[in-house]
Amino acid sequence: METSTTTAQTQSDKKSLLKSSSSITNSFRLRSPSLNSVRLRRIFDLFDTDHDSLISVDELSRALVLLGLETDIRELDSMIKSYIQPDNDGLTFDDFQALHKSLGELFFEDAVGDDEDTGSYDSRKQEEVDLTEAFKVFDEDGDGYISAKELQVVLEKLGFAEASEMGRVEMMISSVDRNADGVVDFSEFKEMMKNIALK
């Protein structure tokens, strides 16, 4: 009886924590499993600031704060406690994947399994929505272009070393800037994302 109460409380904590932190939409879930795995590993490595291959509650809390997601440390601790293996002080990568999967099922349960049932038109439409949402993350001023400065700000928020050198950021922009106007428009962004997904 206590286990089902604990499970219900944990699920309630997850919803409470994440709903107060951010509005959750399907656009945050990438459709490519391999891209999700790579993305998740990079996120894990960024959150693991002391490089001990574990993400502590403090590390996770600091990372969420840096991303603008204020959290209550007690709620966060309660939420991830069930994912931490005995004798560990934090989440291993496998624990982090399990947490991510659980959160995905919790918030995207209506979308799980829909990919096979929908037509190719719906899949393309959803992909376009996903890409538009991703583009908006980088296009901070909403002018329809990603400048080197905007890319630098996002890379800096995510903790990438490349953010400290504008020359490297500009090289990243020029590598996808097909019309050489110094910024990345939505069509160039879409092409870049398709190339990433194919690799």
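This is a predicted model: local features need pLDDT of at least 70, side-chain atom pairs count only at pLDDT 80 or more; totals for chains, interfaces and linings use all residues.

**Chat notes on the model**

User: OK. How many helices and strands are there in the protein chain?
Analyst: There are 10 helices and 2 strands. Helices (H or I, at least four residues) and strands (E, at least two) are DSSP runs, numbered from the N terminus. In order from the N terminus, the elements go α-α-α-α-α-α-α-β-α-α-β-α.

User: And what share of the residues is buried?
Analyst: Buried residues make up 32% of the 199 in the protein chain. Buried means under 20% relative accessible area, exposed means over 50%, and partly exposed is in between (1.4 Å probe, protein chains only).

User: Which residues touch the most other members in the largest nonpolar core?
Analyst: That core has 18 residues, and Ile55, Leu60, Ile80, Leu91, Phe96 and Leu99 touch the most other members. The elements giving two or more residues to this core are α2 (33-47), α3 (57-66), α4 (73-81) and α5 (93-108). Another core lies apart from it, with 13 residues, among them Ala148, Ala163, Val184 and Phe189. A nonpolar core is a set of buried Ala, Val, Leu, Ile, Met, Phe, Trp, Tyr and Cys residues joined through side-chain atoms within 4.5 Å. In soluble globular proteins, nonpolar side chains tend to be buried together.

User: What is Ile55 in contact with, leaving aside neighbours within four places in sequence?
Analyst: Ile55 is in contact with Phe44, Phe47, Asp48, Leu60, Gly90, Leu91 and Phe96. Contact means heavy atoms within 4.5 Å. For the protein chain, residues 24 or more positions apart account for 53% of the contacts with a separation of 6 or more.

User: Switching to charges. How many salt bridges does the structure hold?
Analyst: It holds 5 salt bridges, a salt bridge being a side-chain nitrogen of Lys or Arg within 4 Å of a carboxyl oxygen of Asp or Glu. One of them joins Asp45 and Arg41, at 3.1 Å, N to O. Asp45 and Arg41 both sit in helix α2, 4 residues apart, about one turn of the helix. Asp45 counts as partly exposed at 37% relative accessibility, and Arg41 is partly exposed too, at 34%.

User: What about Glu188, buried or exposed?
Analyst: Glu188 is buried yet has no salt bridge, and the nearest side chain of opposite charge, Arg178, is 6.7 Å away. On charge, Lys and Arg count as positive and Asp and Glu as negative; His and the chain ends are not counted. Glu188 lies in helix α10 (residues 186-198).

User: So what is around Glu188?
Analyst: Not counting residues up to four places away in sequence, Glu188 touches Val176, Asp177, Arg178, Asn179 and Val183. The backbone nitrogen of Asn179 lies 3.3 Å from a polar atom of the Glu188 side chain.

User: Last topic, backbone. Where does His51 lie?
Analyst: His51 lies in the loop between α2 and α3. Its phi is near 55 degrees, a positive value in a residue other than glycine. Ser53 lies in the loop between α2 and α3 and has a positive phi of about 65 degrees although it is not a glycine. Most residues other than glycine have a negative phi. His51 counts as exposed, at 66% relative accessibility, whereas Ser53 counts as partly exposed, at 46%.

How values were computed:
Residues are numbered from 1 along each chain as its sequence is written. Side-chain values use heavy atoms; hydrogens and water are left out. A polar contact is a pair of N or O atoms within 3.5 Å; within protein, one must be able to donate a hydrogen and the other to accept it, and residues adjacent in sequence count only if both atoms are side-chain atoms.
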